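Hi everyone, thanks for coming. Please have a look at the sequence and the model on the screen, and then I'll walk you through a few features.

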Amino acid sequence: MGARFARRWRLAVPALLGVLLAGCATGRLDATKPIGEEARDIDGLMRLSGWMAVGVGIFVAAAVVTIIVKFRAKPTDDPDDLPPQIHGNRKAELTWTLIPTAMLVFLTIYTLGTVFDLARASDGPTIKVEGQQWWWQFSYDLDGDGNDDIVTANDLVIQTGEKVNLEIHSNDVIHSFWIPQLNGKKDAVPGRVHHWLISSDEPGIFYGECVEFCGLSHANMQMRTIVLTPDDYKRWEQEQLAGKEAAQEALVEGSAAAAGAALFETHCISCHVVDGVYESAAGGNANLLAGIAPNLTNLMSRTAFAGALYETYQTGPGGEYLRNPDGSLKVNVAELREWVRNAPDMKPARADNQQGMLDFSEVLTDQDLDNLVEYLKTLGSPPVLP
Ligand code: CUA
């Protein structure tokens with residue numbers, strides 16, 4: 001083995017490991033840095049079983065090497081001379097049965113404890129999670145009267161130090177909800193309600209993906225959990241409620257936004273609700289398999305749109321938000337406008353198959369699109385960022 005060969009291996013092994021481990025932390029999805037208590041429980045269990053497996057692996061490999069070396073045929077051996085023949089060895093058999101059994105029993109108890117811990121309900125608030133092709137909706141019933149007071153899409157907003165109960169539903173096919181840094185995966189199954197806890201010790205934006213293959217745009221069905229401090233969360237809640245009131249205020253007559261509202265009423269309200277203004281879609285008129293399209297009441301308060309595939313506000317190369325001279329966030333007008341114009345072009349969907357938004361490129365003029373975007377910009381205040 002030449003020095004060059006050894007040098008190549010020194011480079012190749014870390015490179016190969018890098019490729020393999022990249023699957024654990026790709027971009028913004030990172031399962032290796034748990035932040036929430038639930039994610040830490042899962043991480044602890046994974047590390048424990050992982051290290052036990054490493055121990056077993058090292059022991060077995062060492063035994064194999066020892067046996068190969070120690071009992072190899074020597075040139076002085078007589079090929080007709082057989083080693084002593086053994087029938088059973090109680091001590092050895094008990095050892096290799098009892099040790100693995102004890103290890104598995106220990107792991108089972110530890111795993112079941114974690115599973116039951118994760119399945120427990122907390123005394124925190126409950127948020128309804130609905131998966132559909134291809135986005136997530138989150139509904140908050142603040143006063144417990146059975147009516148949703150806040151309905152949002154893509155952004156699940158929670159506060160630090162609170163264990164939130166999620167009630168996970170699906171409105172069409174099977175999806176799976178996963179925010180890697182906060183908790184494990186939980187399927188969203190039509191006709192069933194799955195309970196799941198989520199919490200975080202620190203404020204931040206934590207990214208997630210649908211992790212059950214659910215059709216054409218499965219890979220584009222993203223979501224994020226925005227964790228705010230209790231003060232910020234209170235502000236978010238108030239702004240969400242205020243956004244419903246603001247949506248009902250009359251727009252300035254003759255403005256682009258007013259023209260956009262008229263277009264919205266013609267083209268959008270058979271699927272999209274704006275609370276207190278366009279409720280018709282609430283009756284389930286949406287010509288969609290799921291029966292619902294995103295509620296747009298507080299659209300501008302969300303950091304992302306189109307299944308969290310596009311940013312509502314412009315970001316720089318490091319993901320930081322770009323701001324106008326007055327400090328306000330820069331709306332991502334270009335992509336928002338393009339989304340309204342031809343959504344299937346920006347995210348694969350089959351509107352003819354009752355999946356996703358229609359292509360309006362033949363319907364709306366450039367002026368119409370500008371006006372519609374002006375109207376959308378009036379829906380809700382900017383997001384409360386952690
Ligand atoms: Cu929803 Cu995959």
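I'll talk about salt bridges and then about a cavity.

A word on ground rules: this is a predicted model, where local features need pLDDT of at least 70, side-chain atom pairs count only at pLDDT 80 or more, and totals for chains, interfaces and linings use all residues. Residues are numbered from 1 along each chain as its sequence is written, and side-chain values use heavy atoms, with hydrogens and water left out.

Let's start with charges. Side chains of opposite charge can pair when their charged atoms come close. I call it a salt bridge when a side-chain nitrogen of Lys or Arg is within 4 Å of a carboxyl oxygen of Asp or Glu. How many salt bridges does that rule give? The count comes to 15.

One of them pairs Arg40 with Asp201, with 2.5 Å between the closest N and O atoms. Arg40 sits in helix α2 (residues 37-70) and Asp201 in the loop between β10 (194-198) and β11 (204-210), so this pair ties together parts that lie 161 residues apart in sequence. Helices (H or I, at least four residues) and strands (E, at least two) are DSSP runs, numbered from the N terminus.

Now look at Lys234 and Glu237, whose closest N and O atoms are 3.4 Å apart in their salt bridge. Both lie in helix α4 (residues 230-248), 3 residues apart, which is about one helical turn. Lys234 is partly exposed at 44%, whereas Glu237 is buried at 15%.

Lys377 and Glu374 also form a salt bridge, at 3.3 Å from N to O. Lys377 is partly exposed at 32%, and Glu374 is partly exposed at 32%. Elsewhere, salt bridges with shared partners link Arg28, Arg224 and Glu311 into one network.

On to the cavity. On a 1 Å grid over the protein atoms alone, that is a set of points where a 1.4 Å probe fits but cannot get out, and lining residues have an atom within 4 Å of a point. Points are joined across faces, edges and corners, and the volume is the space filled by probe spheres set on them. The structure has 1 cavity of 30 Å³ or more, and the largest cavity holds about 40 Å³ of space. Its lining includes Asp155, Trp236 and Pro383.

Terms used. 1 Å grid on protein atoms, 1.4 Å probe; cavity = no way out; pocket = protein on both sides within 12 Å on 5 of 7 lines; lining within 4 Å. Buried < 20%, exposed > 50% of the residue type's maximum accessible area, 1.4 Å probe, protein only.
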